Amino acid sequence: MKLRVATVWLGGCSGCHMSFLDLDEFLIELAGKIDLVYSPIMDVKEYPKNVDVCLIEGAVCNEDNLEILHTIRERTKVLVSFGDCAVTGNVPAIRNQLGLSNDENVLQRAYIENAQDNSSLPKAEGILPLLLKRVVPVHEAVYVEYFLPGCPPPAGRIKALMVQVLGGQTPKLEGTQLKFG
Amino acid sequence: MAAKTLTIDGKQVSAEEGATILEVATDAGIKLPTLCHLDGVYDVGACRLCLVEVAGIGKLLPACTTKISEGMDVKTDSERLRKYRRMTLELLFAERNHVCAVCVANGHCELQTLAYSQGMDHVRYDYSTPKWSVDATHRLFGMDHNRCILCARCVRVCWHIEGAGTKNVSGRGAKATIISDLNQPWGDSETCTACGKCVMSCPTGALFYQGSTVSEMERDRTKLEFIVNAREKKQWLP
């Protein structure tokens, strides 16, 4: 039976997904072995049930990120933190340095202090998710099985992990395959 | 000087009295993870990555500052040591803001290299994300405190190779910081000779050349050792 795989894009730049597309011809091999059931590169609105593996790109930055993450954890067997933002918080977490009310400070800095015209804070209840007080890596919000660091993880590293997962092994990356940055 | 005989990882070795476990292990071809150690300056045992087990002693000892003794039985690798080394590395990452992806030293960083070579795939501790500044007042160099691990290599090269005494450590614990002169902007320092040895010694992206961007900071550590060998042993060839 084909593995049901999902990928999700939280607070990140989508670079990890770009790197995933860099798998080139391996994508064709992969397509024969998995069913991609949810991903930013396809049009599925709701995260499905009974997913085997989910690659999670991005840090947990806002309430939407947190909500979908809990849904993912509930409906997925294996979670993989996909890339440095998911693993460490990386660049999105730099705003944590602005202190405890950094969610307000960062908006203030971007939309008021640096605005040339029409300075105002973005606000649309029910449409724009509120920023969390602190950006956290995925494993601080939910339990994560495996980690795939890199900014972005090079295609070869993603392949190494996917091959192990498809082979039913416990993925194990070593040496430079664990390099951050 | 008298020779001492000891065992490292089951291997019989002998070395001169006064040598450290790290020196003897290195000579015997055993590689220990180190971070605050730098060839050319004395050791301080600050980073705790070279901790080893010595039979008969309950606590772990830093190989770089522990002198060898007769009959010593040293273990440089074990489950327990690997556990502590990884913990130490994770705590270093959690203490300040080491964002590898946007660091001048990305790809040439000793902390980054040690992390992956010790199998660190994530940090289990909460990041403390403190607010630290960048001192870019010096005309040639910059200091990013976010990336400093307080190994004090820069302080040691500044005092003991250059003899300028510009760099110092101020404060205690997590609030400790590297300062220039009497904690003033580096650019205002009257003692700094702008020799660049501190930049050359830094294991991370904390010290950098002005104008360098992501991944551009490469360093040649052998230059420091060369200067010391030239001075002390009158060896002028690298």
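How far apart do the C-alpha centres of domain 1 of chain B and domain 2 of chain B lie? They lie 25 Å apart, and the views below start from there. This is a predicted model, in which local features need pLDDT of at least 70, side-chain atom pairs count only at pLDDT 80 or more, and totals for chains, interfaces and linings use all residues. Residues are numbered from 1 along each chain as its sequence is written, while chains are lettered from A and ligands numbered from 1 in the order in which they are written.

**View 1. The two domains of chain B.** Chain B is assigned domain 1 (3-77) and domain 2 (84-230), with bounds from an automatic or database domain assignment. Domain 1 of chain B brings 15 residues to the contact and domain 2 of chain B brings 22; here, two residues are in contact if their C-beta atoms, placed from the backbone, lie within 7 Å. The side of domain 1 that touches domain 2 in chain B holds 12 nonpolar, one polar and two charged residues. For these classes, Ala, Val, Leu, Ile, Met, Phe, Trp, Tyr, Cys and Pro count as nonpolar, Asp, Glu, Lys and Arg as charged, and the others, Gly among them, as polar.

**View 2. The largest nonpolar core.** This core has 103 residues, and those with the most contacts inside it are A:C54, A:I56, A:A59, A:V80, B:C154 and B:L207. Domain 1 (3-77) and domain 2 (84-230) of chain B both supply residues, so the core lies between them. A nonpolar core is a set of buried Ala, Val, Leu, Ile, Met, Phe, Trp, Tyr and Cys residues joined through C-beta atoms within 7 Å. Buried means that 20 or more other C-beta atoms, placed from the backbone, lie within 10 Å of the residue's own.

**View 3. Around B:C154.** Setting aside neighbours within four places in sequence, B:C154 is in contact with B:K167, B:I178, B:C198, B:S201, B:C202 and B:L207.

**View 4. Where the chains meet.** Here 24 residues of chain A are in contact with 20 residues of chain B. The side of chain B that touches chain A is made up of 10 nonpolar, seven polar and three charged residues.

**View 5. An open sheet in chain B.** Five strands of chain B follow the order β2-β1-β5-β3-β4, with mixed pairing; strands are DSSP runs (E, at least two residues), numbered from the N terminus, and two pair if DSSP finds at least two bridges between them. At the edges are β2 (11-16) and β4 (61-62) of chain B, each pairing on one side only. Strand β1 (residues 3-8) of chain B is joined to β2(B) by six bridges, and the two run antiparallel. In this pair, B:A3 stands opposite B:E16 in β2(B).

Key. A residue is buried if 20 or more other C-beta atoms lie within 10 Å of its own, exposed if 12 or fewer, and partly exposed in between; C-beta atoms are placed from the backbone. Helices (H or I, at least four residues) and strands (E, at least two) are DSSP runs, numbered from the N terminus.
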